[in-house]
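Visitor: Could you walk me through this model, contact by contact?
Guide: Gladly; here it is.

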Amino acid sequence: KTALVTGGARGIGAGIARCLADEGARVAIVDIDGPEAEKTAASLPGNAFGIAADVSQEDEITAAIERAARELAGLDALVNNAGAATGREDISQIGGPSFASQTQVSWDAFLANNLRTTFLASKAAIPCLRARGGGTITNIASIAGLMPSPTLPAYGAAKAAVIHLTRTLALELAPDAIRVNVICPGLLWTRAWEGLSALMKATMPQYRDMEPRNIFLEVVKQGVPLGREQTPEDIGKLVAFLASDDACNITGQEVAVDGGITLTIGS
């Protein structure tokens, strides 16, 4: 199969691209950081390449998907992974401010980076998937879209919208044999958590003597029923399954890969 992964240069996206390539897929990685996308693509087995594009801009993601479809001779799977737990215009607010202090600029940035990206990439890819006689769209949301997130109001709202959009597209595209599902990752050691852990170290006395990585692991120990962090490969393996013919009857579903965090809601 052929696949395109947005935001695939690092972190979860890179793990997804690696798992798809390991299963034999030819992969295009689209990322705002073009050199890093090319570097990640070069590390994968088989035919993989990187494309520089801002997924929140319609002309850029449309051109990237059209190029990928040409070079891959068609597109079977789109993975909407591009997103951010911080707004580009408000990067100092690691994790995002509370709702009361959220600015319109910050709010709009979160929605642009997490919801608009999914909308634009899906819109551009659907004709390519139809041309193949069907395919898959797998959206990457977050458990923040499933549970209250007082410190992540805009991010959580955007991810909840991605979950809703997934169900809507699954119904609309079913006659075209295009399956649409969404994965909600839990706690992963990403750049966002590196920043958040550093902030916790600087502002919370109980973490002052701990390294950021160990702060993250302590949060995992306290908040994840299975007691272990999630990894990009955890997400990537599920993406590969959902993109495969083994999942031919699965559409419109949300799966939390979170070690059981969402089981604790309301407990």
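**Aromatic cluster, salt bridges and a pocket**

Guide: Tryptophan 193 and phenylalanine 216 are both buried. Keep in mind that this model is predicted.

Visitor: Which residues form one aromatic cluster?
Guide: The structure holds 2 aromatic pairs. In one, the rings of tryptophan 189 and phenylalanine 216 have centres 5.2 Å apart. In the other, the rings of tryptophan 193 and phenylalanine 216 also have centres 5.2 Å apart. Phenylalanine 216 takes part in both pairs, and the cluster is Trp189, Trp193 and Phe216.

Visitor: Is the pair of tryptophan 189 and phenylalanine 216 stacked, tilted or edge-to-face?
Guide: Stacked needs planes under 30 degrees apart, and edge-to-face needs over 60. The planes of tryptophan 189 and phenylalanine 216 stand at 50 degrees, so the pair is tilted.

Visitor: And the pair of tryptophan 193 and phenylalanine 216: stacked, tilted or edge-to-face?
Guide: Over 60 degrees counts as edge-to-face. Here the planes are at 65 degrees, so tryptophan 193 and phenylalanine 216 are edge-to-face.

Visitor: How many residues apart in sequence are the parts that tryptophan 193 and phenylalanine 216 tie together?
Guide: Tryptophan 193 lies in helix H6. Phenylalanine 216 lies in helix H7. The pair therefore ties together parts separated in sequence by 23 residues.

Visitor: Is tryptophan 189 buried, partly exposed or exposed?
Guide: Buried means under 20% relative accessible area, and exposed means over 50%. Phenylalanine 216, at 0%, is buried. Tryptophan 189 has 28%, so this residue is partly exposed.

Visitor: On to charges. Which helix holds both glutamate 71 and arginine 67?
Guide: These two form a salt bridge, with the closest N and O atoms 2.7 Å apart. They sit 4 residues apart, about one turn of the helix. That helix is H3, residues 58–71.

Visitor: How many residues apart in sequence are the parts tied together by arginine 130 and aspartate 176?
Guide: Their side chains meet in a salt bridge, 3.0 Å from N to O. Arginine 130 lies in helix H4, while aspartate 176 is in the loop between helix H5 and strand S6. The pair therefore ties together parts whose separation in sequence is 46 residues.

Visitor: Are glutamate 229 and arginine 213 buried, partly exposed or exposed?
Guide: Glutamate 229 forms a salt bridge with arginine 213, the closest N and O atoms being 2.6 Å apart. Glutamate 229 has a relative accessible area of 22%. Arginine 213 has 30%, so this residue too is partly exposed.

Visitor: How many salt bridges does a search of the whole structure find?
Guide: The pairs above are among them: glutamate 71 with arginine 67, arginine 130 with aspartate 176, and glutamate 229 with arginine 213. The search of the whole structure finds 9.

Visitor: Which element gives the largest share of the lining of the second largest pocket?
Guide: The second largest pocket has a volume of about 170 Å³. Strand S1 (2–6) and helix H8 (232–243) each supply at least two lining residues. The largest share is 3 residues, and the element is H8.

Visitor: How many nonpolar residues does that lining have?
Guide: The lining includes Lys1, Leu20, Glu23 and Phe241. Of its residues, 3 are polar and 2 charged. The nonpolar residues number 7.

Note on methods. Residues numbered from 1 in each chain as written. Predicted model: local features only at pLDDT ≥ 70, side-chain atom pairs only at ≥ 80, totals over all residues. Heavy atoms only, no water. 1 Å grid on protein atoms, 1.4 Å probe; cavity = no way out; pocket = protein on both sides within 12 Å on 5 of 7 lines; lining within 4 Å. Points joined across faces, edges and corners; volume = space filled by probe spheres on them. Nonpolar A, V, L, I, M, F, W, Y, C, P; charged D, E, K, R; others polar. Salt bridge = Lys/Arg side-chain N within 4 Å of Asp/Glu carboxyl O. Buried < 20%, exposed > 50% of the residue type's maximum accessible area, 1.4 Å probe, protein only. Phe/Tyr/Trp six-rings, centres within 6.5 Å; stacked < 30°, edge-to-face > 60°.
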